[in-house]
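Look at the model first, then read the points below.

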Amino acid sequence: MNKRPVIYVVSDSVGETAELVVKASASQFNHAGVDIRRVPYVEDEGTVDEVIAQAKENDGIIAFTLVIPELKEYLLKKAKQAGIDTHDIISPMMELLRKKTGQDPRLQPGLIHTLDEDYFRKVEAIEFAVKYDDGRDPRGVKRADVVLIGVSRTSKTPLSQYLAHKRLKVANVPLVPEVEPPEELFELDKEKVIGLKISPEKLNSIRSERLKSLGLKEEANYATLKRIKEELDFSEKMMDRIGCQVIDVSNKAVEETANLIYNIYRKNNS
């Protein structure tokens, strides 16, 4: 049985480009059980030495995107001495562009992200959605572009992540009868808040399936129609109190709801 290949993805930036190339290659072999280990922000020879030592110990190979010539040459020299196979992902394309344009490359790590502010906005929005998911920190609602409210299983988390990829900072707050919503929620401009409602029957079905997937009994209070109606009544009162726009997600896919929310946001901020 062949040993599982170990590939060290070495970069002087984030390393996403190199990792994607390696994954794309591995996919042609049904991923071949490849063990990909990304090593980002490599800026010194000491880190290169560590990678070389690990690759030698695990009989691995190294794929890299290093644009600093001295560091690249050092890695190639050390890898050759250690008998480690390497693949330079970025240099061949850079050389072709140098010949075609007559310009020398800037040889500055991370330019693809430095120049792409949109990338950073997306990353920031994704991190925001994670940090302020499920009402973990009520301070997030004042910093959000959009705040989603609703009972459990109305797709608040997947909607927050989907909208984050559209560069929106989204916080979400669960509405539970036993827990008073944070005061910050009622201090917001109502246009920033979107309420998510759902039919009792649909929610019952979703929660019952959720319980089954967890190996729990469907009869648990969480999924009973009585409990669901209590929660929905409470959430409706909170939404009325805030005066926010409400979307019925009963028969909508996450993408459809997300696009509705995004269009509402654009209209309110045009």
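Helix α8 crosses helix α12 in a right-handed sense. The model is predicted.

**α8 against α12**

- Helix α8 covers residues 156–164, and helix α12 covers residues 254–268.
- Their axes come within 10 Å and cross at roughly 60°.
- That angle makes α8 oblique to α12.
- On the α8 side, the contact is made by P158, L159, Y162 and L163.
- On the α12 side, V254, E255, T257, A258, N259, I261 and Y262 take part.
- The residues of this α8–α12 contact divide into eight nonpolar, two polar and one charged.

**The sheet**

- Four strands form an open sheet in the order β6-β5-β7-β8, and the pairing is parallel.
- Which strands stand at the edges? They are β6 (170–174) and β8 (245–248).
- Each edge strand has a single partner strand, so one side of each is left without a neighbour in the sheet.
- On average, neighbouring strands of this sheet are turned by 25° against each other, direction ignored.
- Strand β5 (residues 146–150) and strand β7 (residues 193–197) run parallel and are joined by three bridges.
- Within this pair, I149 stands opposite G195 in β7.

**α12 on the sheet**

- Helix α12 also packs on the sheet, where α12 touches β5, β7 and β8.
- The direction of α12 makes about 160° with that of β8.

**α2 against α3**

- Helix α2 spans residues 45–57, and helix α3 spans residues 69–82.
- The two helices pack at an angle of about 30°, with their axes 10 Å apart.
- Angles under 35 degrees count as roughly parallel, and α2 and α3 are therefore roughly parallel to each other.
- The crossing of α2 past α3 is right-handed.
- From α2, the residues in contact are E45, V48, D49, I52 and K56.
- They meet L71, Y74, L75, K78, A79 and A82 in α3.

Terms used: Residues are numbered from 1 along each chain as its sequence is written. This is a predicted model: local features need pLDDT of at least 70, side-chain atom pairs count only at pLDDT 80 or more; totals for chains, interfaces and linings use all residues. Side-chain values use heavy atoms; hydrogens and water are left out. Axes are lines fitted to C-alpha atoms, for helices over the stretch in contact, and angles run from 0 to 180 degrees between N-to-C directions. Angles under 35 degrees count as roughly parallel, over 145 as roughly antiparallel, 65 to 115 as roughly perpendicular and the rest as oblique. A crossing is left-handed if the near helix is turned anticlockwise from the far one by less than a right angle, and right-handed if clockwise. Contact means heavy atoms within 4.5 Å. Ala, Val, Leu, Ile, Met, Phe, Trp, Tyr, Cys and Pro count as nonpolar, Asp, Glu, Lys and Arg as charged, and the others, Gly among them, as polar. Two strands pair if DSSP finds at least two bridges between them.
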